[in-house]
Every structure is written in structure tokens, then in C-alpha cells.
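User: Hi! I'm new to reading protein structures. Could you walk me through one?

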Amino acid sequence: MGDLASGAVPQDQPPSVDRLARSLAHIDLPMPLLVDAARSAIADGDPNSAAERARSIKQRLLAPVINGTGVLLHTNLGRAPLPWSQTADYSNLEVDLTTGDRGDRQHGIGMLLAQACGAEAAMVVNNCAAAVMLVLAALAQDRMAVVSRGELVEIGGGFRVPDVMAWSGAQLLEVGTTNRTRRSDYAAALADPRNDVALVVQVHRSNFRLLGYTETPSTTELAQLGPPLLFNIGSGLLDSRCPWLSGGPPPWLDSEPAARQSIEAGASLVTFSGDKLFGGPQAGIIAGRAELVEACRKHPLARALRPGSLVLAALQNTALAYLRQDGEAVDFWRMAVLSTDQLRNRLDAYEGLRVTDTSSTPGGGTLPGVEIKSLGVAVAGDHTKQLRSLPRPIIARVCDGETIVDLRTVHPVDDIEVAAALHQAAV
Ligand SMILES: *Cc1c(COP(=O)(O)O)cnc(C)c1O
């Protein structure tokens, strides 16, 4: 038995699964999972590997990590980071506290988001793909939605605009070419009496750029064609003036479309993700004209795509931060606008490590090609695996044979922990 506790198991007499599993009790997992690890280790004739197998089961569970990659919206690390905790209280999710009657779970958040984007109304679903699907189903089912061939894009993770449109029951009417679509192409499609067009759809090419001989009508031109215009802006910039940032918009935002300005330009509805440039939880936001949002809310699919109270509460927090113009409270923006001087001020914690200039990126399929000047700390060699196996894993990147941690995406309270891990890795 002493042998088992120390992990050494004589190979000639396989231990019982139960006994081996109990010897793994120091690994914080429920017994059925430790039994799985023990059983597979014994089955493979390698009982000594049971602890490693249990640890790898544990690594599959969701847990906080430190993002040292410099990618602000890292899709594999949950896009926008946001703080959240709550007590086991009930909430007024679906009760109207003024009347005591049944209320609408979207009432509060809809009001905040409409206010934040300058829209008449807004609602929330589970992600932006669901938002586009719901708008098309509610407004263009069995009718046509006209879209430019230059905007039939695939956003990461298999979201293909033409597929989503097909699933919604709307018929896709393609106009123009990959690189050039003119206002007259849309107008000709609308003038054809065979086409029953319910919606004009504009899609932001979030994750790639079209350069050279190109043409795309403006949102204003598309809005004047006649049918309602849905602009899927995707990345979720709320207002191009960024009133929540004391220094105004950072130069790298460039010509990123924003919800407020798209609505001002005439878009009837905009759709965007909650966890990209908006910096909130995974969600899809639909904002715009009241009667169109209402049609989405009433569609049967809305019930299947509705978010739970955890998401609504976290999104409400983010929306309130914007309405207070408090960019510091939205972690994506807090990190995105840090100057290299602010990063340099944290270097005391990293004494003894090589400091290097580096570039952060917005990530999450937004702003392709944008690099934000940043500061990193480096140690020779590839230590990424070791850093990933820490109790709180650190995700770093390797560049020219060095392991680099970009300070922009590391929270300052974690500096000491990251520095210690890098010193440890370097020995
Ligand atoms: C990211 C993105 C989507 C998908 O958003 P999810 O919230 O991940 O579903 C759709 N359209 C555009 C233009 C995007 O940028």
C-alpha cells in the first residue's frame, strides 16, 4: 500500500482500479473521474501513468488562465475577459416589479442597449450568428434578402453567411462581384418584378480586407434602396467616437463600422457580438427600429435563441459601464488603450527578465492586420508547455526561439505570478 501512495506500482501485479483511484485523491476531481483515469492506466498496462491521466482530465475542465499572447480577444481563451460573480439570490428576470405581473426578461437590457447605440429598441440572443439568423427568419422568411457577392464571408468557427441565410428560410439574392458591387446592382435586383425582396443585407468583412480595385456602396446608399437594411457589423463597436475613452478613439480603430453611426446612416437594424469589441459576455445583439425588433422578439425562434439570466446580468453590467462612459470598467478597452509607458511602469515586477518590444492584436476575427505597440518579457527557449501546466496556466507565445509574454493582456495584479513562473522556466 505504501507503494501505491508514492505512485510506484509493481508491474507484475496490477493494482485494483478502486485502490489506484483512491491513491489519486490528492488530485481535486470527483471519484468517478479518478476511477476513469485509474481504469485506463491499468488497461494500458501502465498503472504509474494514472496520476498524469487524472491531471489531463482536470486540464479539460474550464478554469481561469493568464493570457500572455497579446491577443486581446483570443477566441480560444474566451474572447473578451469580464469579471462576474453572483450570490444564490432570485432575480426579477420575468416579473414587472411595478405591477407584479409577468415581465419580459429583455426589457431592461433592451432599454440599455438601445440607449447605448442610439436605437429605438434592442434585444439579445446567444451570439451574433443567432442574431442574423433570427432577423432573417423574422423579416425575410420565404422571401428574398439581397446581398453583395463580396460580403458572402465565412467568419471563424464555420459561420458562413450564405449557410445562415439558408437555414433562416430566407432566399439569398446575390448581386455584384467579389471585388465590386455598385448601388445600381442592388437597384436592378429590386426593380426585377420576379424578385420579392424583403431585406437588404450588408455584412462587415470583419476578418479580412479587400484591397485594390474595389467598390461597395455606403450604408447610406443601401438604406435608401427601399427595403429595410440589416447591417451585420459583427465586431460590436458601439460608437466610433468612443466616448467611454478619455483619449477618444485609438487610431487603429480606423474605419471599423460602429452601431450608432450605422443606425444614423440609415441601417434599420444592426447585429453584433457581445464578446468582441463590445467587451462583454457571449451574446448577439439586435438593435434598430422598434417594429422590426418587435417582429424578431415575437418570432418562435426567439425562444430557442434566448440567453439565460447569467448572460443578461453580465451584459447589463457592460452596457451600464458604457452608459457611464467608463471604459476602464470594460476590460477589453482597459487593456486595449494601455500606452507602452504604462506597461513600462510595471517592469519592476519583471526584474532580471529580458524586455522586448512586441505587438498586440485585437484578435477575435476583428481588425485584421492591426498591430498595437506593446511590451513583452522574454526567456530563451520554448517553455509554453510548462507554463500551460501551472495551477493557473499561462498562455505564452514563442518567437525566434524565445518564450514571450505580452504585458498588455496580463492583468497587473498577476505580474508577480507571471514573473515568478518565467524565472522558474528559465532555470
Ligand atoms: C464574429 C462575427 C459573427 C459571428 O459572431 P458570433 O457572436 O461568434 O456568433 C458574425 N458576423 C460577423 C460580421 C462577425 O464579425
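Predicted model: local features only at pLDDT ≥ 70, side-chain atom pairs only at ≥ 80, totals over all residues.

User: Now the ligand. Which residues come nearest to it?

Analyst: There are 13 residues around the ligand, and Arg79, Cys128, Ser206, Ser273 and Lys276 come nearest. By class, that shell holds four nonpolar, seven polar and two charged residues. Two elements, α6 (128–140) and β9 (229–234), each give at least two residues to the shell.

User: What lies 2.9 Å from an oxygen atom of the ligand?

Analyst: For Arg79, a polar side-chain atom sits 2.9 Å from a ligand oxygen. For Cys128, a backbone N or O atom is 2.9 Å from a ligand oxygen. Ser273 uses a side-chain N or O atom, 2.6 Å from an oxygen of the ligand. Overall, the protein covers 93% of the 380 Å² of accessible area the ligand has on its own.

User: And Asp275: buried or exposed?

Analyst: Look at relative accessibility: under 20% means buried. Asp275 counts as buried because its value is 7%. You'll find Asp275 in the loop between β10 (269–273) and β11 (284–288). The side chains of Asp275 and Arg79 are joined by a polar contact of 2.9 Å. Beyond its neighbours within four places in sequence, Asp275 also has contacts including Leu73, Ala80 and Pro281.

Note on methods: Residues numbered from 1 in each chain as written. Heavy atoms only, no water. Near = heavy atom within 4 Å. Polar contact = N/O pair within 3.5 Å; in protein donor to acceptor, adjacent residues only side chain to side chain. Areas by Shrake-Rupley, 256 points an atom, 1.4 Å probe, with all protein chains shown as cover. Helix = DSSP H or I, 4+ residues; strand = E, 2+ residues; numbered from the N terminus. Nonpolar A, V, L, I, M, F, W, Y, C, P; charged D, E, K, R; others polar. Buried < 20%, exposed > 50% of the residue type's maximum accessible area, 1.4 Å probe, protein only. Contact = heavy atoms within 4.5 Å.
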